[in-house]
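Morning, everyone. Please put the sequence and the model up side by side. I'll keep this quick.

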Amino acid sequence: MRSHKSRRCLGWIGILLYSLLLVAGSGPCWADDYQDEGETPSTRGYAALVKRISPAVVGIRGWAVPSEPRIFDPEAGFPDPPTLREWQGAGVVVDALVGFIVTANHLVANATVVKALLHDGQELDAVVLVRSERDDVALLRVEPGNLRALTLENPGVLEVGEPVIAIGNPQDWGQSVTLGIVSALHRSCPGLANSDLIQSDVRVSQGSSGGALVNLKGRLIGVVVARRSGFAFAVPVDSVRRLFVAAQ
């Protein structure tokens, strides 16, 4: 009798093990849900976002001949031949229909020739319409055509700790994208009169001035104008709106 019960128990155990094997064998049915390590919906979302907004960020170049030539030979009084001075940075298309581009004022303040290099490689002549030394931003106009613009974010929605993306043109290498967070609001920076700057820990280098600081909705929240102690400082979009009013 005891032997009969043992055989019955062994039979039930066998059935249970067989059922578990069937479940394990159905694993490939969930293969579509598998993700490589490090690949998350957020990282894929960043790539799609950058692809959508990056055409609105352009390269900016300005040139000027110094008004007072340097003296090459003080005794003879022979001046140096005139040489062009060049400024290089980035800009953001903020109105595609009119051809408005916002950039850092220090890139174009002394320039007599300004050009905008579009994402597709096209180079356009730019006219400086309005400049603000206080905010270190300037509004340019190019011939409208194949332009893409960024939407300006509404005021008062930015928070400390919010993820942000910076797009610029460092060292004339071409467009570059970095990711960080808002470190502080209402900051000041030596050399800038505006004390309402956005401080973020996005990595920027020389040539990134005038580039875009964008939130994860793809809206422009600021224009990068300075870097100091590892932080990037951007003028908020309120300053850009003031340029629009002054241009009217």
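This is a predicted model: local features need pLDDT of at least 70, side-chain atom pairs count only at pLDDT 80 or more; totals for chains, interfaces and linings use all residues.

Ground rules first. Residues are numbered from 1 along each chain as its sequence is written, and side-chain values use heavy atoms, with hydrogens and water left out.

Overall fold. The protein has four helices and 14 strands. Those are DSSP runs, numbered from the N terminus: helices are H or I with at least four residues, strands are E with at least two. Of the 248 residues, 39% are buried. Buried means under 20% relative accessible area, exposed means over 50%, and partly exposed is in between, with a 1.4 Å probe and protein chains only. The accessible surface comes to about 14800 Å², and carbon and sulfur atoms hold 55% of it. That area is Shrake-Rupley with a 1.4 Å probe. Now contacts, meaning heavy atoms within 4.5 Å. Take those between residues at least 6 apart in sequence: 61% join residues at least 24 apart.

Next, the barrel. Which strands close it, and in what order? Six do: β9-β10-β11-β14-β13-β12, with antiparallel pairing. Neighbouring strands of this sheet are turned by 45° against each other on average, direction ignored. Two strands count as paired if DSSP finds at least two bridges between them. One example is β10, residues 176–187, with β11, residues 197–200: antiparallel, three bridges. There, R187 has L197 in β11 as its bridge partner. Helix α4 lies across β13 (220–228) and β14 (231–236), and runs at about 40° to β14. Axes are lines fitted to C-alpha atoms, for helices over the stretch in contact; angles run from 0 to 180 degrees between N-to-C directions.

Now strand β5. Five of its five residues are buried. On one side, four bridges join β5 to β4, residues 85–95, running antiparallel. G91 stands opposite T103 there. The β4 and β5 hairpin has four residues between the strands, and G99 takes a positive phi near 95°. β5 also pairs with β8, residues 137–141, antiparallel, over five bridges. In that pairing I101 stands opposite L140.

Rings of Phe, Tyr and Trp (its six-membered ring) pair if their centres lie within 6.5 Å; planes under 30 degrees apart are stacked, over 60 edge-to-face, the rest tilted. How many pairs does that rule give? One. F100 is buried at 14% relative accessibility. F244 is partly exposed at 22%.

Last stop, N215. N215 sits in strand β12, residues 212–215. Buried or exposed? Buried, at 1% relative accessible area. Its side chain makes a polar contact with the side chain of E153, at 2.8 Å. A polar contact is a pair of N or O atoms within 3.5 Å; within protein, one must be able to donate a hydrogen and the other to accept it, and residues adjacent in sequence count only if both atoms are side-chain atoms. Beyond its neighbours within four places in sequence, N215 is in contact with L49, E153, E162, P163 and I221.

That's the tour.
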